[in-house]
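Subject: Structure for your review

Dear colleague,

Please find the structure below. My findings follow it.

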Amino acid sequence: MNTGNNIVWGNGRITFPQNPSPAAIRPMARAFHVVCEKQGYQEVSLDFSSCETLFESFMLPLVAISQLYIRNGVDFKLLLPSGHQLRSLFHNSNWAHLISPRHYDPTTYEGKHHVPAIHYQNGQTQHRAVDSIIDAVLSSLTNLNRGSLKALEWSLNEITDNVLNHSSSSVGGFVQASTFSGRNVVEFVVADTGIGIPESLRMSDHKRALEEAIKEGVTRDKNTNAGNGLFGSYQIATISGGQFHIHSGHASLLANAGETLRIIEDKAFFRGAVVVVRIDCSAEHLLEKALRFGGQPHDPPYDYIERRFEGGEPDEITIKLREETDSFGSREVGRLVKNKIDNIMTTSRVRRLVVDFDGVFIISSSFADEVFGRMFAEMGPMDFMTKIEFKNVDSTVRSLIDRAIFQRAANPGQNGASK
Ligand SMILES: Nc1ncnc2c1ncn2[C@@H]1O[C@H](COP(=O)(O)OP(=O)(O)OP(=O)(O)O)[C@@H](O)[C@H]1O
Ligand SMILES: [Mg+2]
């Protein structure tokens, strides 16, 4: 039996400690290396049964590394955490499936506070992953402003793009995100098992490599890249009062709100890069303050809201309900859809909303009330009639919406009473 920073391995089994922190990324990588490569085990048990907390910043590189060995024929068996919540997290976050695809199905989690780990290997799957994170943010956070959303989307694009551009990772990249609604905070983690930032920048001093990487204009190739991605993301995260961490090679860069920047070295090695970005979306004027290149402000054009919703008539946005959700049965889903509509209306600042019901043949009365009854109550009859247009509404659906609105009109103080 060998131990390494609390991670224990031997006889084709790797056992994880109670609370593995990101500092355990390197011992974890070493354990996989020894068991799967040096000792050549083709069946490996990963024992999480003693774990009590697991962070995305630890699990996503673990997912990336296991995918690397799966390609080489290794079959991982999981001993899941004993606690019910952490066990569910393994399924919901898609970790179980990505680490052990032969034994676990892909996640069916449909909530919006977490976006499960997504594996991407090309521009198309990368953009789909970024879109699903922005979509989750629109559904779960409130009072968003367009600038913060743009800053978040820009950073997500840059960090995920770096994997495809620079890492030479044979398994591509992995991204996962969570939203924290009380504080309007979004955290995302991107991991790969490629060559790592120091090697890409051809710097043997790994601490210096990370220090340089977050500076404006630092890139491996000035002919093809501007060197803005990590710099801009670092600015957005730290100026918002969030967090920005990189773990790559022998070094980690740790920027936390209210603390001075720390860059630390580790004897152990992690081949690849993990970037953790936490952005407080409620920060005022975040885009204008944080995204400046060559002293000039940068306003990313053609963002998610524009692409998805603003394509039609000027001053009007269209929401195709069928594309927003698969189920129209519950108050909870209604709440998410309503929250998203509110965010789109405020961030877009348009005056008219078209709700397209194409392909929607049945909705529950609680969904109708949560979305349209509530909208009617908040806007009042005149605004509701002039600003909202319904398109392609089936007659059954129309009568359910009518009823929800009548009930709201009869009981203006009602607050989701018909549960
Ligand atoms: N995942 C990664 N793997 C390996 N190297 C990376 C990774 N991410 C960043 N790098 C290295 O860090 C450098 C700086 O990255 P950054 O995103 O700031 O700029 P860039 O990608 O070169 O240019 P831009 O983002 O403006 O197109 C990259 O040129 C590359 O050398
Ligand atoms: Mg980049």
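**Nonpolar cores**

Of the nonpolar cores (sets of buried Ala, Val, Leu, Ile, Met, Phe, Trp, Tyr and Cys residues joined through side-chain atoms within 4.5 Å; buried means under 20% relative accessible area with a 1.4 Å probe, protein chains only), the largest has 84 residues, and Phe188, Phe244, Ile246, Leu321, Leu353, Phe357 and Ile363 have the most contacts inside it. A second, separate core comprises 45 residues, among them Val44, Cys51, Met59 and Leu62.

This is a predicted model: local features need pLDDT of at least 70 and side-chain atom pairs count only at pLDDT 80 or more, whereas totals for chains, interfaces and linings use all residues. Residues are numbered from 1 along each chain as its sequence is written, chains are lettered from A and ligands numbered from 1 in the order in which they are written, and side-chain values use heavy atoms, with hydrogens and water left out.

**Ligand 1**

Ligand 1 is surrounded by 20 residues (those with a heavy atom within 4 Å of it), and the closest are Asn162, His166, Ser200, Thr219 and Asn228. A polar side-chain atom of Thr219 lies 2.6 Å from a ligand oxygen atom, and a polar backbone atom of Arg220 is 2.9 Å from an oxygen atom of ligand 1. For Gly229, a backbone N or O atom lies 3.2 Å from an oxygen atom of the ligand.

**Thr347**

Thr347 counts as buried because its relative accessibility is 6%. A polar atom of its side chain lies 3.5 Å from the backbone oxygen of Ile344.

Yours sincerely

Conventions:
Buried means under 20% relative accessible area, exposed over 50%, partly exposed in between (1.4 Å probe, protein chains only). A polar contact is a pair of N or O atoms within 3.5 Å; within protein, one must be able to donate a hydrogen and the other to accept it, and residues adjacent in sequence count only if both atoms are side-chain atoms.
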